[in-house]
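Good morning, colleagues. Please look at the sequence and the model on the screen, and I shall then take you through several parts of the chain.

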Amino acid sequence: MLERSSNLPDDGMTHDAVTLQSQADARSELIGVAPTDDETNRKNMALLIQLRWTAVVGQIVTIGGVHFGLGIPLPLERMGAVIGALLLLNVSSLVWVRHRAAITNNELLVALMLDVAALTAQLYLSGGATNPFTSLFLLQVTLGAVLLNARSTWSLVALTCASFIWLTMAYRPLDLPPNPISEAYSLTVTGMLLGFVLNAVLLVVFVTRINRNLRERDAHLAALRQHAAEQDHIVRMGLLASGAAHELGTPLASLSVILSDWRRMPDLAADQELAEDLAEMETSLQRCKTIVTGILVSAGEARGEGSSPTTVTAFVTALVNEWRDARSARTLYFVNTFGEDVAIVSDIALKQVIFNVLDNAYEVSREWVELLAEREGDNLVLSISDRGPGFAPEMLAQLGKPYHSSKGRAGGGLGLFLVVNVVRKLGGSVTAENHRKRGATVRLTLPLATLAIGGTFDA
């Protein structure tokens with residue numbers, strides 16, 4: 001009931017159904033193309049790039065320590081060329097990711113395969129399968145199992161196994177200095193220990209961050225599914241409301257004609273008490289027709305087509321006066337501390353949700369209800385307070401969820417559900433809190449940019 005169309009048909013709810021359904025389809029389309037997997041893959045590719053930087057630094061330190069520290073000669077030129085290739089690959093990857101619209105599973109697989117190839121090249125130049133750092137192959141396999149689908153993971157497993165087998169047959173032997181067997185064994189064990197520690201640390205650091213990315217993706221998907229379910233509720237209620245409004249239109253029109261005829265009848269007009277009752281009936285009937293018209297307008301019109309320019313102060317003041325007159329309530333206290341006025345669009349849906357919150361407050365606190373309008377930065381904040389029993393803890397936890405009501409009525413709880421969704425559509429938020437002694441406050445925070453004329457706001 002957020003978008004409306006200025007052309008309202010008289011032939012049932014066909015147009016409203018099409019309008020609301022098309023809005024639901026549009027929302028579903030947007031949800032369907034939400035960049036959940038793409039964004040997660042982009043974050044994971046960034047992690048692989050960070051891991052490659054770590055590998056470059058680790059290789060430089062290890063090669064320098066072995067060659068210069070332990071005195072074991074290594075082909076520095078060729079091993080340096082592999083490190084240079086990794087540096088070039090990383091810089092290219094950074095530029096490529098920045099201009100890439102989406103990152104796919106296959107592209108993550110290629111990145112991991114290139115890392116395996118670089119590791120294989122360095123191991124080939126430094127002892128092959130006898131090098132204790134061959135355990136780093138497990139790091140690549142573990143990352144593949146977390147990042148890739150099953151088929152791609154097995155492809156990576158096949159590549160690492162083939163690389164290891166190849167390294168057992170083809171490699172450049174290390175020219176170890178003449179040492180006793182025990183010292184050579186100690187050197188191997190030390191290398192294995194360093195490889196194990198390096199594997200463990202990198203796995204904990206990077207797999208933890210990858211899992212965090214995946215959890216964020218799952219949470220985002222869950223939020224999208226919840227939003228889609230809520231939008232479906234709104235569409236169904238919009239269809240029901242527009243259908244009911246059309247059905248009520250005919251009997252209300254008939255009642256209006258009958259009341260007009262009665263007021264013109266001499267016998268009825270002569271009875272002053274009866275004439276007053278008829279006048280009150282006509283007033284109530286007119287209010288019913290206004291409500292029905294508002295439902296149809298809210299179900300079909302786009303924002304701005306049936307709205308009029310106003311200001312924050314004028315909008316809220318008119319809203320308060322209309323609510324007081326419609327309910328004959330004089331216990332609503334309006335406090336305006338907004339400050340310098342701002343031009344906005346008078347939005348029917350927004351007015352309706354504020355009425356809804358005011359009605360809820362008035363229902364539990366007929367002696368006192370307060371509406372406070374204030375400004376917080378670039379937001380309009382409307383706080384509706386009452387002196388009722390407040391919200392139950394489970395209601396505060398489920399604020400805005402459909403069919404969660406403190407009134408215990410079947411099908412209740414839709415009022416705040418619609419309030420939360422309308423305000424969220426406008427880019428705002430709804431919060432509720434209980435007072436320490438008695439009563440509660442519901443706060444509607446609305447960005448002035450979305451309420452401003454033309455959708456722009458100049459501070």
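I begin with helix α5, residues 136-147, which has 12 residues. From its first C-alpha to its last, α5 reaches 17 Å, close to the 16 Å expected at 1.5 Å a residue; the expected span is 1.5 Å times one less than the number of residues. Helices here are DSSP runs of H or I with at least four residues, strands are runs of E with at least two, and both are numbered from the N terminus.

Residues are numbered from 1 along each chain as its sequence is written, and side-chain values use heavy atoms, with hydrogens and water left out.

Which residues of α5 are buried? They are L136, F137, L139, Q140, L143, G144 and L147. Buried means under 20% relative accessible area, exposed over 50%, and partly exposed in between, with a 1.4 Å probe and protein chains only.

The UniProt record, an unreviewed entry, lists several stretches as "transmembrane region", including residues 131-148 and 155-172. Such annotations may be inferred rather than shown by experiment; feature names are shortened, and positions are given in the numbering used here. In the model, residues 131-148 are 67% helix and 0% strand, with the end C-alpha atoms 28 Å apart. Residues 155-172 are 83% helix and 0% strand, and there the end C-alpha atoms are 27 Å apart.

I turn now to helix α10, residues 312-327, with 16 residues. Its reach is 23 Å from first C-alpha to last, close to the 22 Å expected. Buried in α10 are V312, F315, V316, L319, V320 and W323. These buried residues fall within an arc of 130 degrees seen down the axis, so they line one face of the helix. S328 follows α10 and has a positive phi, near 50 degrees.

What does D341 touch, leaving aside residues up to four places away in sequence? D341 touches T311, V312, T313 and A314, where a contact means heavy atoms within 4.5 Å. D341 lies in the loop between β2 (332-337) and β3 (343-346), and at 34% relative accessibility it counts as partly exposed. The C-alpha atoms of D341 and T311 are separated by 6.4 Å, although the two residues are 30 apart along the chain.

Next, the strands β6 (residues 429-434) and β7 (residues 440-447) run antiparallel and are joined by six bridges; two strands pair if DSSP finds at least two bridges between them. A432 stands opposite V442 in β7. The two strands form a hairpin with five residues between them, and G439 in the turn has a positive phi of about 100 degrees.

Finally, a word on confidence. The mean pLDDT of the protein chain is 77, and 76% of its residues reach 70 or more; pLDDT is the predictor's confidence in each residue, from 0 to 100. Over residues 300-306 the pLDDT is below 50, yet this stretch has 23 contacts in the model beyond near neighbours in sequence. Where pLDDT is low, the predicted coordinates should not be read in detail.

Methods: This is a predicted model: local features need pLDDT of at least 70, side-chain atom pairs count only at pLDDT 80 or more; totals for chains, interfaces and linings use all residues. The arc is that of the directions from the helix axis to the C-beta atoms.
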